[in-house]
Amino acid sequence: MSIYKKIAELQQELEVGKERYNQFGNFWHRSTEDIVRYLKPLMKKHGLLLLMKDELVHKGDRYYIEAQVSLIDIEAEGEGVSTTAYAREADSKPKFDPAQLTGSASSYARKYALGGLLAIDDSQDPDAYPPQNATPTNIKAKTNQSKPYDVPPTISEEQRQQLFEKFKTEKERFYLKEVMESMCIHGTGEIRVDQITTIEALVLQKLNAENKPKKRRTK
């Protein structure tokens with residue numbers, strides 16, 4: 001079977017619901033991580049490999065992240081199909097440092113490159129939005145019926161401030177950022193309530209490991 005037939009079948013089988021709710025914009029959306037999570041078992045079924053890479057591109061007076069997404073047929077000596085999408089880096093964003101701005105643009109570009117390659121419909125259908133009288137506290141994420149998945153809400157502003165109070169020093173903030181990036185979290189506003197305990201524990205683990213006295217070597 002050619003890679004084009006494999007991708008055509010995969011496109012028919014892949015369903016990725018909009019499982020995440022944005023409290024500030026009042027809309028439902030899907031992330032790059034959501035798409036990859038549902039894609040992995042289908043890639044295994046069809047003998048395909050997913051590769052993603054980014055490149056910083058300068059156009060005019062602006063910088064863009066060029067994301068290339070490829071599906072490689074591992075059964076046909078590396079035959080592959082690729083798509084490319086772009087996202088412009090914002091000049092600034094509240095509570096985001098430069099690295100987070102780049103990471104956010106990368107996630108955005110990769111998501112739309114995946115959408116193009118996998119024929120994921122991203123139109124704003126009526127079901128993508130909650131009812132007019134709904135609030136973030138009494139609505140649940142729209143999910144695929146075959147794989148129910150309720151996404152916990154993001155942490156509150158009060159929890160954000162408590163996190164910053166807990167990790168005040170430059171070293172603590174460095175490890176906090178490192179842990180968040182390892183979890184594909186590009187800003188504290190993206191931290192979910194089910195992730196906060198893990199993040200705090202991992203930061204403390206790194207701090208304790210650094211402060212632990214090193215054993216002297218004996219000759």
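The paragraphs below go through a predicted model, from the overall fold to single residues. In this predicted model, local features need pLDDT of at least 70 and side-chain atom pairs count only at pLDDT 80 or more, whereas totals for chains, interfaces and linings use all residues. Residues are numbered from 1 along each chain as its sequence is written, and side-chain values use heavy atoms, with hydrogens and water left out.

The protein chain has six helices and five strands; these are DSSP runs numbered from the N terminus, with helices being H or I of at least four residues and strands E of at least two. From the N terminus, the order of elements is α-β-β-α-β-β-β-α-α-α-α. Of the 219 residues in the protein chain, 37% are buried. Buried means under 20% relative accessible area, exposed means over 50%, and partly exposed lies in between, with a 1.4 Å probe and protein chains only. Among contacts (heavy atoms within 4.5 Å) between residues at least 6 apart in sequence, 62% join residues at least 24 apart.

Helix α1 covers residues 3-13, and within it Ile3, Lys6, Ile7 and Leu10 are buried. Seen down the axis of α1, the buried residues fall within an arc of 95°, so they line one face of the helix. The arc is taken from the directions from the helix axis to the C-beta atoms. An α-helix has 3.6 residues a turn, so residues three or four places apart point the same way. Tyr4, Lys5 and Gln12 are exposed on the other side of α1.

Strand β4 holds Ser70, which counts as buried because its relative accessibility is 7%. The side chains of Ser70 and Ser82 make a polar contact at 2.5 Å. A polar contact is a pair of N or O atoms within 3.5 Å; within protein, one must be able to donate a hydrogen and the other to accept it, and residues adjacent in sequence count only if both atoms are side-chain atoms. Beyond its neighbours within four places in sequence, Ser70 is in contact with Leu49, Leu50, Leu51, Val81, Ser82 and Leu117.

Two packed helices are described by the angle between their axes and the distance between the axes. For α2 and α3, the angle is about 40° and the axes are 9 Å apart. Axes are lines fitted to C-alpha atoms, for helices over the stretch in contact, and angles run from 0 to 180 degrees between N-to-C directions. The helices α2 and α3 are therefore oblique to each other; under 35 degrees counts as roughly parallel, over 145 as roughly antiparallel, 65 to 115 as roughly perpendicular, and the rest as oblique. From α2, Thr32, Ile35, Val36 and Leu39 make the contact, and from α3, Ser107, Arg110, Lys111, Leu114 and Leu118.

Thr32 of helix α2 is buried, with a relative accessible area of 7%. Its side chain reaches the backbone oxygen of Ser107 at 2.9 Å, and a polar atom of the Thr32 side chain lies 3.5 Å from the backbone nitrogen of Lys111.

Lys166 and Glu200 are 34 residues apart in sequence, with their C-alpha atoms 8.8 Å apart.
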